[in-house]
Amino acid sequence: MDTKRCVFVGVGGQGNLLASRLLGEAALAAGIPAVVSEIHGMAQRGGVVESAVLMGQVTSPIVSNGEADVLVGFEPLETLRTLGKCSKETLVITNLQPLPPFTVSIGQGTYPAVDGIMDLVSAKVNRVISLRGNDLAEEAGNPLSLNMVMLGALIGAGVLDLAPDGMKEVISTSTKKAFLDSNLKAFDLGMESAA
Amino acid sequence: MHKLLTDSPGKEMLLLGNEAVARGALEAGLSFATCYPGTPSSEIPLQFFQISQETDLYFEYSTNEKVALEVGAGAAACGLRTMVTMKHVGMNVAADPLMTLAYVGVKGGMVIVNADDPFMFSSQNEQDNRFYARLSGLPMLEPTSTQEMKDMTIAAFELSEELELPVILRTTTRLNHVRGAVKLGDLKPIRTKGEFQKNPFHFVTVPAVSRNLHKLHLEKYDKALAKSESWAENRITGGGRWGVVANGVSVNYTGDAIRDLGIEDKVRFMQVGMSWPLPRDLITGFLKEVDKVLVVEELEPVMETDLKAIAQENGITIPIQGKGVGGLSRLYEYDPGMVRKAVADYFGAEYKGPAPVDLSDLPQLPARPPNLCAGCPHRATYYAVKKAYGSDAIHPTDIGCYTLGLLPPISMADYLICMGSSVSSSCGFSRASDQKVVSFIGDSTFFHSGITGLVDAVHNDHKFTLVVLDNGTTAMTGHQPHPGVDAGAMGVQRTRVSIEEVVRGCGVKDVHVVKPFKVNKTVEAIQASKDYDGVSVVISEELCPLFAKATGQMRKTKPFRVNYDKCKNHRDCINYLACPAMYLQEEKVVIDKNLCNGCAVCAQVCPENAILPVKD
C-alpha cells in the first residue's frame, strides 16, 4: 500500500493509545508494515496524549508537521491544537464533544466555540469527518468506547487498506469480554457516521 | 501466561520497544534483573516484574540506580546473565559503581539498558549518555528499530561475556515507546544460581589492584574496537559520493529522507550500531570514498567530533558537518521532515512535499497541562500546607506526580534539580535565608535518595519541614513497589520498611503522621511543625487512587455534588483545589460524578458546607 501517516490526539484517559495500538495490530495481521509511536509518563496525567501509526514503506516512527495523511482527534480543541501536523491534503476525523481543560475552569483562557473550531479546520484541510463521538459511545452502551467509535470512523473513511473485519478481529481478541459487544457496536456506529 | 513467554520461534508480534528488549533478554537466558524505574525505560522492568512471578527469573525494584547496578554486579560476578535498566539521569546515580565495575568486569553477561530522553518528554534534562561509554570505556550498542531492540540485546549479552565487560544498550524515547513487528527467537532456560570464585586481587579495588585493572581495561578496549570494526550493525549501504552517518532512531529518518529525495544512487549511508568503540578503520575507509559527510545524531555532536578527529589523523580534508545544517541542533529530538530538509540542503537535492497548514489565524488556545488526578491526596496535602504557611515559604520539591504542584492554582514548587534534591537543598535554603522552608518528597523518591539528605539535616541542625507524600506506590512511572510499600497488594512477598521508623532512626524528633483527606487535622499537624525549632517531618499517608483502584483497595464512597441552595459561589473549591472533576457551567461549579472519587476534600474546603455526597 501507499505510505499512510495517521496521527491520533486526545486527552489522557480517552484511550487513543489503545486505538493506535489496535490499528498497528490490524496492519500487522494484514501483512502491512507498521510502526506505532506513543507517549507515556507525566504527559498522561490529564494532559494531551498524541500517538501515531505509520504504515507502508516508512520506518520513521513519528510524523512531522504538515505530513499527516489522517488526523484523528478525540477532542475538538486538541484537534485544532494539532492542526500543524496537517496539510491541505489531510483528512481530519474529529469528535465534536469538548472536554474543557481545568485551566478554563480557573479562568485561564476560554474554550473556543466548537463551530468556530470546525470552520477553521474545514477551511485548511482536504476533508473533515466530524461526529458526536461521546454520544455514539453512550449509544453503544459504554461511555469509555469513544476510542472504538473513532477507530470505526477511521476505517469507515476508507483511506486505509484495512478491512473492517480485520479491525474487528483485533478488537475482539484485545477486549475484555464484558466490553466486547459495546466495543464492536461503538466501532460500527463510528463506521456508519463516516460513510 | 505472559505474552513475552510465547514459545513460538519465527512468530511475529507487535511489541513495544521496551517489550522487545525484555524478550531479547529472555532469549539470551536472562537470570537476574534489577532496576529503578524511570520513563522512558519503565516498561522493561515491568515485564520482568510480571515474568518473575511465573518463572525462576530473579527481579527486584532496587532502591535506586546505584543500588540496582551494585546488586546486578554481584549476580554477574557469580556468573548469571544480568540486566540493569535505568533512565539517562539514573545513570548519573549509578555512575560511581559504573566507572570501577568497568575495571573489574563481569563473569556472567551484563547489559545495562540506558534510556535517553531527547526533548525531555518526562525528564529534567536531555543529557547525552553516549558520553558515559567514552567516560567508562564500556562498549555501547544503539538499536534503530523494535526488531533491533531485541536482536541487539541478545548480541549485547554475548559481547559482554566475550569481553568480560558490562555492555551499555543505549535507547531513546522514540525507540522505547514505539511498537513494531518483532520476529521471535528461541527462549533460553533461566539459571537460578551461579558461583562466585574468590579472587580478591582482582575484585578488591585498592590502588595496587586498580593499577593492573586499568591496564587490563585498556586491553579489553582494543578487543572491543576489533569487534566494532566488523560489527554487523556498523553497516554501510549505497556507493555514492555523498556520505551520511547516523545512529539510533535517526537512521530511520535518514533512510526515509534518502528514499523520499530519490538520491539512493548518490549516497553512501553508514549506520553506527556499535557506537563505542567507534570503528575507526571502517570510518576511515568510508571517509576516503565520499566528497562530503553529513552526520545525523540527536543531542550532542559526539560522532561528528570523532569523525573530524579521525579525518584529521588520516589527512582527509573533506567537509564533515552535522549540527547547524538545516534545523539540526543540539536541542530536542529530530523528526523526519527536519532530517529530510537537512539532507536536501546539505547536498543540494530538491524536495517538494506538502506544506503545513497556515496557523496564523488560530485563536489563543487554552493550555491543557497535565494535572493531578481527581481525588489525588497530594492536592489535599498541598492545600493544608498552604493553609498553615501562606504563600511565602520556599518549597523545594522533588520528582514524581507531585511535581505537578508547580502549576497554578497550587503553585507550590520552587526548586528542583534531581531525585532527592528537595531535602538537601532545603538544608542550604534554610541556612542561607531567613525564609521558612517546607519541602516535598514522594515515598519512593525518599528511599531513592532522600535519606542521606535527612541525616545531613539532623546532624547539621538545619531548620525546615519536610513533607513526605506517601501514596503507597511509585505512581508516576506506573505503580511500581518500593521499600515502603505493602507489596502483598501486588501479589509479591517483600519486607516493608516503615518511612516513619526510618525518619525517627535518622534522628528526627518532630514527626507527624497525617491523613491528608482529614483537612483540619492535617493543617493542625503542619501548623505544629511550623513552630518547631529544628527538622520536622510530616508523613502524609493516603493511597494513590489509581493504584488503589487497580489493586482493589479503593474505599467505596459516594461522589459529591454541589447543593445550589447553599452555594454562594465563593468558588474556593475550584480556585484552591482545581480538581479535574470540577468545571464551570453557566458560572456555577459542577462536579462530574463520573470523575469524582469521593475524597471529600472540597466538601471540607467549602465555607458554606454546600458540597455534599450525591443522593441515591
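This is a predicted model: local features need pLDDT of at least 70, side-chain atom pairs count only at pLDDT 80 or more; totals for chains, interfaces and linings use all residues.
Residues are numbered from 1 along each chain as its sequence is written, and chains are lettered from A and ligands numbered from 1 in the order in which they are written.

Chain B is divided into domain 1 (3-229), domain 2 (234-347), domain 3 (377-550) and domain 4 (560-613). These bounds come from an automatic or database domain assignment. The C-alpha centres of domain 2 and domain 3 of chain B lie 47 Å apart.

An open sheet of chain B holds 7 strands in the order E3-E2-E4-E5-E7-E6-E12, with mixed pairing. Strands (E, at least two residues) and helices (H or I, at least four) are DSSP runs, numbered from the N terminus. Two strands pair if DSSP finds at least two bridges between them. Strand E3 (58-61) and strand E12 (274-276) of chain B stand at the edges; each has a single partner strand, so one side of each is left without a neighbour in the sheet. Strand E2 (residues 32-35) and strand E4 (residues 82-87) of chain B run parallel and are joined by 4 bridges. Within E4(B), B:Met83 is the bridge partner of B:Ala33. Helix H2 (residues 43-51) of chain B packs on this sheet and touches E2, E3, E4 and strand E5 (110-116) of chain B. The direction of H2(B) makes about 130 degrees with that of E3(B). Such angles run from 0 to 180 degrees between N-to-C directions, with axes fitted to C-alpha atoms, for helices over the stretch in contact. Helix H6 (residues 146-163) of chain B lies across E5, strand E6 (140-141) and strand E7 (167-172) of chain B. H6(B) runs at about 160 degrees to E7(B).

Another open sheet of chain B has 4 strands in the order E15-E16-E18-E17, and its pairing is parallel. Its edges are strand E15 (438-442) and strand E17 (510-514) of chain B, each with a single partner strand, so one side of each is left without a neighbour in the sheet. The twist averages 20 degrees from one strand to the next. Strand E16 (residues 464-470) and strand E18 (residues 535-541) of chain B run parallel, joined by 7 bridges. B:Thr465 stands opposite B:Ser536 in E18(B). Two helices are described against this sheet. Helix H15 (residues 421-432) of chain B lies across E15 and E16 of chain B, at about 170 degrees to E15(B). Helix H18 (residues 519-530) of chain B lies across E16, E17 and E18 of chain B, at about 170 degrees to E17(B).

Helix H12 (residues 302-313) of chain B has 12 residues. From first C-alpha to last, H12(B) reaches 17 Å, close to the 16 Å expected at 1.5 Å a residue; the expected span is 1.5 Å times one less than the number of residues. Its buried residues are B:Val302, B:Met303, B:Glu304, B:Leu307 and B:Ile310. A residue is buried if 20 or more other C-beta atoms lie within 10 Å of its own, exposed if 12 or fewer, and partly exposed in between, with C-beta atoms placed from the backbone. The cover over these residues includes helix H5 (130-136), strand E10 (242-247) and helix H11 (280-288) of chain B. Just after H12(B), B:Gly315 takes a positive phi of about 65 degrees.

In chain A, strand E5 (residues 91-95) has 5 of its 5 residues buried, so it is largely enclosed by the rest of the structure. A:Leu91, A:Ile93 and A:Asn95 lie on one side, A:Val92 and A:Thr94 on the other. Strand E4 (residues 70-73) of chain A pairs with E5(A) in the parallel sense over 4 bridges. A:Val72 stands opposite A:Ile93. A:Glu50 is in strand E3 (residues 48-55) of chain A. A:Glu50 counts as buried because it has 22 C-beta neighbours inside 10 Å. Beyond four places in sequence, its contacts include A:Val7, A:Phe8 and A:Thr82; contact requires C-beta atoms, placed from the backbone, within 7 Å.

E2(A) and strand E8 (residues 178-183) of chain B pair in the antiparallel sense over 3 bridges. The bridge partner of A:Ser37 in E8(B) is B:Val178.
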